[in-house]
Amino acid sequence: MLGWSDWLMRRRLWSRLRCGLFLSGLLLSAHALADVVWVALSSKEPAYLEAANALRAALPDDQVRVGEWGEFNFKASPPHVLVTVGSEALRQLRQAADKTRIVALLVPRGTLDELRDASAGRITGVYYEQPIARQASLLRAAFPEKSRVAMVLGPTSARYRGELSQALRHVGMEGVFELVADKAELSEAVQNLLSNSDVFLALPDAEAINNQTAKFVLLATYRRGIPLVGYSASFVKAGAAVALVSSPTQIGREAAQMVNETLHGKKLPAPRAPAEFEVLVNASVARSLSLGLDAALMEKRVRGEGGSR
């Protein structure tokens, strides 16, 4: 039969054991929560949902939580990796995420490169426009008789002027540039370019060519009979003659590869374009401008010239 002192000692040991188990459970729960991948949408726009669904399908389902950016609270238990879909989610959560690594998608390359430079390797992602070498290959394949390529560069895209010039020279073409500081300068810049070029390459930039200014650029180029090369499926639908594009599904799959690399302890990779792409042609615009654009043939030529990288 136990004495009072023995009973008290065992009770204390049992209490300590229970407390230890409880704390261990909390730590395990916190660790499990910390391993969750948060996918923060800028909105419920179909393209954002499509990219998120593709990413989720490529990752273990119990590790992924998807929602609009306002649903996430980093003060509780931050995720191991934050995925932002669209520019608004990245803008809203970049500071709140603190030290959490971020994989951003469906944002321009200029935005990603700028943030990566300022964030000590904490931010990467999959940008939606195509690599410059791949764009140059398309221009050569689509317009073998043309040589002068017009481009308006804004504050974020201006950093690529040298790379653009070099890539175009590599395929026997020449870049003709206008630099603008804001949207107010766009009209004059476009008019200057159209009097001195054969084809217009649209490059996304918050202060130059974007969703708000695309219509003006499309109308201006069409009226002058100069084909415009866009950077999205919607751009082609609106009137661009041709574009190299990657679908939200392709971008989501590429982002999933980045997330997997990060979850397995690898160094955060540099921002990149999707490996998968396709050539889209607006047939009615091509006919009206007397352009013989064959999407399948152009895609084959782009891939053959190393444009798949």
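**Overview.** I began with the inventory and found 12 helices and 11 strands in the chain. I take helices (H or I, at least four residues) and strands (E, at least two) as DSSP runs, numbered from the N terminus. This is a predicted model, so I keep in mind that local features need pLDDT of at least 70, that side-chain atom pairs count only at pLDDT 80 or more, and that totals for chains, interfaces and linings use all residues. Residues are numbered from 1 along each chain as its sequence is written, and side-chain values use heavy atoms, with hydrogens and water left out.

I then looked up burial: buried residues make up 47% of the 309 residues in the chain. Buried means under 20% relative accessible area, exposed over 50%, and partly exposed in between (1.4 Å probe, protein chains only). For contacts (heavy atoms within 4.5 Å), I noted that 67% of those between residues at least 6 apart in sequence join residues at least 24 apart.

**The cores.** Which residues have the most contacts inside the largest nonpolar core? I found Leu139, Phe143, Met151 and Leu293, in a core of 33 residues. A nonpolar core here is a set of buried Ala, Val, Leu, Ile, Met, Phe, Trp, Tyr and Cys residues joined through side-chain atoms within 4.5 Å. Elements giving two or more residues to this core include helix H5 (132-142), strand E6 (148-153), helix H6 (161-170) and helix H12 (295-304). H5 gives the largest share, six residues. I also noted a second, separate core of 25 residues, with Val152, Ala202, Ala220 and Ala240 among them.

**Helix H5.** I checked how covered this helix is: 10 of its 11 residues are buried, so H5 is largely enclosed by the rest of the structure. Among the buried ones I listed Arg134, Gln135, Ser137 and Arg140. Leu139 is also buried. Beyond residues up to four places away in sequence, Leu139 touches Val149, Leu168, Met173, Val199, Leu201 and Val229.

E1 runs parallel to strand E2 (residues 64-68), joined by five bridges; two strands pair if DSSP finds at least two bridges between them. Val37 stands opposite Val64 in E2.

E6 has five of its six residues buried. E6 pairs with strand E7 (residues 174-179) in the parallel sense over six bridges, and Val149 stands opposite Gly175 in E7.

**Ser157.** I went to the loop between E6 and H6, where Ser157 is found. Buried or exposed? Ser157 is buried, with a relative accessible area of 5%. Leaving aside neighbours within four places in sequence, Ser157 is in contact with Val152, Pro204 and Asp205.

**Ile251.** This residue lies in helix H10 and counts as buried, at 1% relative accessibility. I looked at Pro274, 23 residues away along the chain, and found 5.7 Å between the C-alpha atoms of Ile251 and Pro274. Pro274 is also one of the residues that Ile251 touches, along with Leu105, Leu106, Val126, Tyr128 and Ser246, not counting residues up to four places away in sequence.

**Cavities.** I found three of 30 Å³ or more. A cavity is a set of points on a 1 Å grid over the protein atoms alone where a 1.4 Å probe fits but cannot get out, a pocket is an open set with protein on both sides within 12 Å along at least five of seven lines, and lining residues have an atom within 4 Å of a point. About 160 Å³ lies in the largest cavity, where a volume is the space filled by probe spheres set on the points, joined across faces, edges and corners. Of its 13 lining residues, Arg109, Glu129, Ile132, Tyr160 and Leu203 are the closest to the centre.

**The largest pocket.** I noted a volume of about 1,300 Å³. The pocket is lined by 41 residues, and Tyr48, Leu106, Tyr128, Asn211 and Tyr231 lie nearest its centre.
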